[in-house]
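Student: I am new to this structure. Please take me through one part of it closely, and then show me how that part sits in the whole.

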Amino acid sequence: MFFPDPRRARTVSVRGRRARFAADLAGHPERYRAGGPPRLPFPDRHFDRVLSSQLLFSYADRLDPGFHRAAPRELLRVADGEVRVFPLVPMGLPDEYPELAWLRGRLADDGITTRLVDVA
């Protein structure tokens, strides 16, 4: 499918994900648990890999730097392997989260190694 611009692609993508989520939730409510960072309702190292999509940096205008520092730490707590976070671009902005260098520095201070990986 061709999209004339990134905004239109995002709108169609978000609508499709919402519809699939709503259908799956209605059909399989046992698959879901309410919760969110900075405190997740799972024990330590519960998941092999943790993926955070469309939350941490998408809403940078509503989530403060303290949240952005606490959330990855909590994601790491419940992961037995790696944590992946995307996108690094706040909604409505063309560039990555403006405090990303600061955040990566604070996580490094906490002994957490991060790396940026370009993906298609």
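**The loop between helix 1 and strand 1**

Tutor: Y32 has a relative accessible area of 31%, so Y32 is partly exposed. Keep in mind that this is a predicted model. Y32 is found in the loop between helix 1 and strand 1. That loop is our part.

Together with F21 and L25, Y32 forms a nonpolar patch on the surface. The accessible area of these residues together is about 250 Å².

Now look at charged side chains. D24 and R31 meet in a salt bridge through their side chains, at 2.7 Å from N to O. How do the two partners differ in cover? D24 counts as partly exposed because its relative accessibility is 23%. R31 is at 52% relative accessibility, so R31 counts as exposed.

Step back into helix 1 for a moment. Helix 1 spans residues 6–27, and R17 has its place there. R17 belongs to a patch of positive charge on the surface, where it gathers with R15, R18 and R20. With 34% relative accessibility, R17 counts as partly exposed.

Return to the loop and move on to H46. H46 also lies between helix 1 and strand 1. Its relative accessible area is 43%, so H46 is partly exposed.

R49 makes another link. The side chains of R49 and E82 meet in a salt bridge, at 3.0 Å from N to O. R49 lies in our loop, and E82 lies in the loop between helix 2 (65–78) and strand 2 (83–86), so the pair ties together parts that are 33 residues apart in sequence. E82 has a relative accessible area of 30%, so E82 is partly exposed.

Salt bridges link R39, D44, E74 and R77. In total, the structure holds eleven salt bridges.

Next comes strand 1, residues 50–53, where S52 lies. Is S52 buried or exposed? S52 counts as buried, because its relative accessibility is 7%. Which residues touch S52, leaving aside its neighbours within four places in sequence? They are L75, R84, V85 and F86.

For contrast, look at helix 3, residues 100–109. R106 and D109 are three residues apart in this helix, so about one helical turn separates them. The two form a salt bridge, with their closest N and O atoms 3.0 Å apart. R106 counts as partly exposed because its relative accessibility is 25%. D109 has a relative accessible area of 55%, so D109 is exposed.

Now the whole. The protein has three helices and two strands. Along the sequence they follow the pattern α-β-α-β-α. Of the 120 residues in the protein, 19% are buried. The accessible surface comes to about 8,800 Å², and carbon and sulfur atoms account for 54% of it. Take the contacts between residues at least 6 apart in sequence: 67% of them join residues at least 24 apart.

Key
Residues numbered from 1 in each chain as written. Predicted model: local features only at pLDDT ≥ 70, side-chain atom pairs only at ≥ 80, totals over all residues. Heavy atoms only, no water. Patch = residues over 30% accessible without salt bridge, like charges linked within 9 Å, V, L, I, M, F, W, Y side chains within 5 Å. Areas by Shrake-Rupley, 256 points an atom, 1.4 Å probe, with all protein chains shown as cover. Salt bridge = Lys/Arg side-chain N within 4 Å of Asp/Glu carboxyl O. Lys, Arg positive; Asp, Glu negative; His and termini not counted. Charge placed at Lys NZ, Arg CZ, Asp CG, Glu CD. Helix = DSSP H or I, 4+ residues; strand = E, 2+ residues; numbered from the N terminus. Buried < 20%, exposed > 50% of the residue type's maximum accessible area, 1.4 Å probe, protein only. Contact = heavy atoms within 4.5 Å.
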